[in-house]
Amino acid sequence: STQSTWGEVGKVSRGRGSARVDTHTTMAAVAEDMPIDFEVSDVAFPNLQSSQLQQLFAKWDLSRCQQCRFRFNAPFIRFHAPDFIHEFFNDAVVRSVFKVSDRAGNLMHVTGKVKDVKFVEVPCNAVSLDMFDKLYTAGIVRTEDNDIQKCLDIFLDGGVTVSDKLRETFMCGDEAEHCELFSDAEKREFLYHLMWRIVSGGALCQWEDDFSLYKDTCRKVYRDLVSVQKNPHTGELEPVTVVYQITEFDANQPLFPRESENHNFCYLCINPVRREVGVFYSAFTSVF
């Protein structure tokens, strides 16, 4: 029946930062190598689709950023993530919705079989913006008014200009004055990734002077992409969502038309409980 096909199977428990589906039904389905089918989800992105964020994304040159969500009909098991991701990008329903960008910024459907998908799991343990408090203690942002401190202009590839300490910290890697402010573990966190993408914007980003705008946007995007649940033992909120960053795939069209570590991103945000996967994608385009 439709209910049994698309309903939730089992419960997600967490240990050592990973999600596990604890049902005999799930393991039996995996053993039978159940094919995965996707359908477009009617669950919206209330924040990303709001007029406020759309205006900010246009200002930051992120207006071509894509968000789409799908439901799937089989249990998600981390061990089988490569198969899941491969089937996702080759699914007809997904390909009818998800598009990639060309060098001019035009969005187009992927044609031909997608092969050799390269990806990495992005930890999704951080649930609080407190991790960015060190930006205040380092003097990058003023505590009293959230004002971002300026720096001498830094010119990056693609016509990108960095004019403040915040963008320098997130975009200039080991060359940044405060390159060691965040640990490697913190930089791997999805919450850090979201702040990085928002602060970086696109090639023609009109950056902000007030850090609170970035923080508020980061919080809202995180809530659209990540589901959390309360741990019954500790009472603390813990993410349910599993996040993968897709860095490259082999198809007739490349995932990204040109290289840019700061500006290219494609995240799959998988909710194993609700059997939903959200996509958050943007590609770097520039006339320079």
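Which side chain of opposite charge is nearest to buried D164, and how far away is it? The views below start there.

The model is predicted: local features need pLDDT of at least 70, side-chain atom pairs count only at pLDDT 80 or more, and totals for chains, interfaces and linings use all residues. Residues are numbered from 1 along each chain as its sequence is written, and side-chain values use heavy atoms, with hydrogens and water left out.

**View 1. D164 is buried without a salt bridge.** D164 sits in strand β9 (residues 160–164). Strands (E, at least two residues) and helices (H or I, at least four) are DSSP runs, numbered from the N terminus. The nearest side chain of opposite charge is R167, 4.5 Å away. Here Lys and Arg count as positive and Asp and Glu as negative; His and the chain ends are not counted. A salt bridge needs a side-chain nitrogen of Lys or Arg within 4 Å of a carboxyl oxygen of Asp or Glu. Buried means under 20% relative accessible area, exposed over 50%, partly exposed in between (1.4 Å probe, protein chains only). The backbone nitrogen of R167 lies 2.7 Å from a polar atom of the D164 side chain.

**View 2. Helix α9 is mostly covered.** Of its 11 residues, 11 are buried. Among them are F190, W196 and S200. G201 follows α9, with a positive phi near 60 degrees.

**View 3. The largest pocket has a volume of about 450 Å³.** A pocket is an open set of points on a 1 Å grid over the protein atoms alone, where a 1.4 Å probe fits, with protein on both sides within 12 Å along at least five of seven lines; lining residues have an atom within 4 Å of a point. Volume is the space filled by probe spheres set on the points, which are joined across faces, edges and corners. The lining has 21 residues, and F170, M171, W196, E261 and N262 lie nearest the centre. Helices α7 (165–171) and α9 (190–200) each give two or more residues to this lining.

**View 4. D209 and K150 form a salt bridge at 3.2 Å, N to O.** The pair links distant parts of the chain, 59 residues apart: D209 is in the loop between α9 and α10 (211–225), and K150 is in strand β8 (residues 150–156). D209 is partly exposed at 41% relative accessible area. K150 is partly exposed at 45%.

**View 5. K220 and D216 form a salt bridge at 3.1 Å, N to O.** They are four residues apart in helix α10, so about one helical turn separates them. K220 is buried at 18% relative accessible area, while D216 is partly exposed at 24%.

Technical notes:
A polar contact is a pair of N or O atoms within 3.5 Å; within protein, one must be able to donate a hydrogen and the other to accept it, and residues adjacent in sequence count only if both atoms are side-chain atoms.
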